[in-house]
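Please open the model in your viewer and keep the selection tool at hand. The tour below goes from stop to stop, saying what to select next and what is there.

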Amino acid sequence: MKNRLLAAIGALAWLTVSSGMGPAAAQKPEVRKGAAPRTPWGEPDLQGTWTSEGELGIPFERAAEFGKRQLMTDEEFVQRQRQAERQLQTDNADFDLETADISNAGQVGSATSPPPHWLERGTPSRRTSIVIDPPDGRIPPMKPTARRVAPAGSFAAGVFSGPEDLSMWDRCITRTLPGVTFPTVYNANTRLMQGPGYVAITYEMIHDTRIIPISQAPHVGSSIRQYFGDSRGRWEGNTLVVDVTNFSPKNSYRGSGDALHLIERFTRVDASTMRYEVTIDDPATWTRPWTAALDMRTQPQGLFEYACHEGNYGLRNMLSASRAVEKAAQAAARSSK
């Protein structure tokens, strides 16, 4: 992961220098009211670190009670705010209790309840769901022939035969697209950098980096498959539109297969807000395409480290424990004869 990140940054730096863009290319143009900011070479400026932390408390799919409403009423929003306050109180109480339980051992903190400031619970939002299309905010039904079984997570019960039984995220390989964009617990930040003809996107979770050419060139051949697919970007007014195909069959987003096709849209709404929308289409998985959206805010602190060593060590422990369970079962079976 570290090498991929350095390579991506190096590639973008080379593009900037070789295009004659010196320090001026890195300067942020002044954001004028009513006008989208521009890069020195004239493209809409999306650069910066953006966070989807504020969207974490929004259900991915909409509860039936809201129907086709994308926003809560004042009364409903008050209830969500109160729920967020209760959750914060619970976070603090759990951490204080478990810290007290182990204080005699001379340790600080808790392995199961991290400090509350680590947990990005998000600022309550009036939005009723992340899914915005279909109009009911629900993911369309899966086809009978769709792949429904995904690798188990590290919290799943059972015996693991090998590393393939666990997800790419558990194995510290990648969160893949589009899942990496959506917030989960913490590290909900994304950094965009631009050079003439290219956009680079780095995700804080596992620090994956995509280099997206702004090009009308066709996608690579169908035999070439990647975790993040093959991206081609274009500008539609002030919106960056990214067409993504050629996903690896090892990439599965909510049951998708290698026919997954994404259309991403990045639009800078104002100086501190960017709208992200992604349309997910896999004709082998769902009965129709569907769209999810996030309102991302500026993150002045930049990106934090996400080392993911826990998965690297934990995987060995989980597999060795599975082998121990199997040996114990075999021994019990022999003794019962």
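A residue is called buried here when its relative accessible area is under 20%, exposed when that area is over 50%, and partly exposed in between, with a 1.4 Å probe and protein chains only. The model is a predicted one, in which local features need pLDDT of at least 70 and side-chain atom pairs count only at pLDDT 80 or more, whereas totals for chains, interfaces and linings use all residues. Residues are numbered from 1 along each chain as its sequence is written, and side-chain values use heavy atoms, with hydrogens and water left out.

**The whole chain**

Begin with a cartoon view, in which the chain has three helices and ten strands; these are DSSP runs numbered from the N terminus, with helices (H or I) of at least four residues and strands (E) of at least two. From the N terminus on, the elements follow the order α-β-α-β-β-β-β-β-β-β-β-β-α. Of the 337 residues of the chain, 41% count as buried.

**Arg62**

Next select Arg62, which has its place in the loop between β1 and α2. Arg62 is buried yet has no salt bridge, and the nearest side chain of opposite charge, that of Asp136, is 6.1 Å away. For such charges, Lys and Arg count as positive and Asp and Glu as negative, while His and the chain ends are not counted; a salt bridge needs a side-chain nitrogen of Lys or Arg within 4 Å of a carboxyl oxygen of Asp or Glu. What the side chain of Arg62 does reach is the backbone oxygen of Gly67, at 3.2 Å, and a polar atom of this side chain also lies 3.3 Å from the backbone oxygen of Arg69.

**The aromatic cluster**

Now show Phe60, Phe182, Tyr253, Trp286 and Trp290 together, as they form one aromatic cluster. Rings of Phe, Tyr and Trp (its six-membered ring) pair if their centres lie within 6.5 Å, and planes under 30 degrees apart count as stacked, over 60 as edge-to-face and the rest as tilted. A search of the whole structure finds six aromatic pairs. Trp286 is buried, as is Trp290.

**Salt bridges**

Side chains of opposite charge can pair when their charged atoms come close. The count for this structure comes to twelve salt bridges. Select Arg275 and Asp295, whose side chains meet in a salt bridge (2.9 Å, N to O). This pair links distant parts of the chain, with Arg275 in strand β9 (residues 273-281) and Asp295 in strand β10, 20 residues apart. Arg275 is buried, with a relative accessible area of 19%, and Asp295 is buried, with a relative accessible area of 19%.

Finish at Arg232 and Asp230, whose side chains form a salt bridge (3.3 Å, N to O). Arg232 counts as buried at 15% relative accessibility, and Asp230 counts as buried at 7%.

Definitions and conventions. A polar contact is a pair of N or O atoms within 3.5 Å; within protein, one must be able to donate a hydrogen and the other to accept it, and residues adjacent in sequence count only if both atoms are side-chain atoms.
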